[in-house]
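Have the model open as you read.

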Amino acid sequence: MRAVVLDAGALSARLVLERPVELADGQGGASVSFEAVASLWARIEPVGETGEEQAGSEIVTLTHRVWVRFRTDIRSGMRLRKGERVFVIRSLRDPDEGGRYLVCLCAEEGR
């Protein structure tokens, strides 16, 4: 497999990696919140968008490829935050299986 070469300057977006944490609500259920795991540099590439109507409101979901340096603690369901923008990680892969980068396919919802 061909090695992926990425200029280090391309990782120019500062993101916060967050993981879900379930908190018991005292009535047998749980609520999910997110806690920060790490701060990292990334490259964000827009991929596409889809729109749908929910409860009389237009919901637009943007998809992005987010490149980060390889980490073993990133999983689907975690999210990346850039200020108010939230990128939910749907899937991830090592593009050349070299252990240098991860490409996360992320969804960003907006109204």
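Q: Which secondary-structure elements make up the protein chain, and how many are there?
A: This is a predicted model. From the N terminus on, its elements run β-β-β-β-β-β. The count is zero helices and six strands.

Q: How many salt bridges does the model contain?
A: A pair counts when a side-chain nitrogen of Lys or Arg lies within 4 Å of a carboxyl oxygen of Asp or Glu. By this rule, the total is eight.

Q: Which residue forms a salt bridge with Glu18?
A: The closest N and O atoms of the pair are 2.6 Å apart. That is inside the 4 Å cut-off for a salt bridge. The partner is Arg79.

Q: How far apart in sequence are the parts that the pair Glu18 and Arg79 ties together?
A: Glu18 sits in strand S1, residues 13-24. Arg79 belongs to strand S4, residues 79-82.

Q: Are Glu18 and Arg79 buried or exposed?
A: Buried means under 20% relative accessible area. Glu18 has 8%, and Arg79 has 17%. Each value is under the cut-off, so Glu18 and Arg79 are both buried.

Q: Which residue is linked with Glu18 and Arg79 in a network of salt bridges?
A: Glu18 and Arg79 form a salt bridge. The network of salt bridges takes in one further residue, Arg81.

Q: In the salt bridge of Arg43 with Glu45, which residue is buried?
A: The closest N and O atoms of this pair are 3.2 Å apart. Arg43 has 29% relative accessibility and counts as partly exposed. At 16%, the buried residue is Glu45.

Q: What is the N to O distance in the salt bridge of Arg71 and Asp73?
A: Arg71 is partly exposed, at 26% relative accessible area. Asp73 is partly exposed too, at 31%. Their side chains meet at an N to O distance of 2.8 Å.

Q: Which residues gather in the patch of negative charge, and where does Glu58 lie?
A: The surface patch is made up of Glu52, Glu53, Glu58 and Glu109. Glu58 counts as partly exposed, with 45% relative accessibility. Its place is in residues 57-69, strand S3.

Q: How far apart do the centres of the positive and negative sets lie?
A: The protein chain carries 16 positive side chains and 17 negative ones. The centres of these two sets are separated by 7 Å.

Methods
Residues numbered from 1 in each chain as written. Predicted model: local features only at pLDDT ≥ 70, side-chain atom pairs only at ≥ 80, totals over all residues. Heavy atoms only, no water. Helix = DSSP H or I, 4+ residues; strand = E, 2+ residues; numbered from the N terminus. Buried < 20%, exposed > 50% of the residue type's maximum accessible area, 1.4 Å probe, protein only. Patch = residues over 30% accessible without salt bridge, like charges linked within 9 Å, V, L, I, M, F, W, Y side chains within 5 Å. Areas by Shrake-Rupley, 256 points an atom, 1.4 Å probe, with all protein chains shown as cover. Lys, Arg positive; Asp, Glu negative; His and termini not counted. Charge placed at Lys NZ, Arg CZ, Asp CG, Glu CD.
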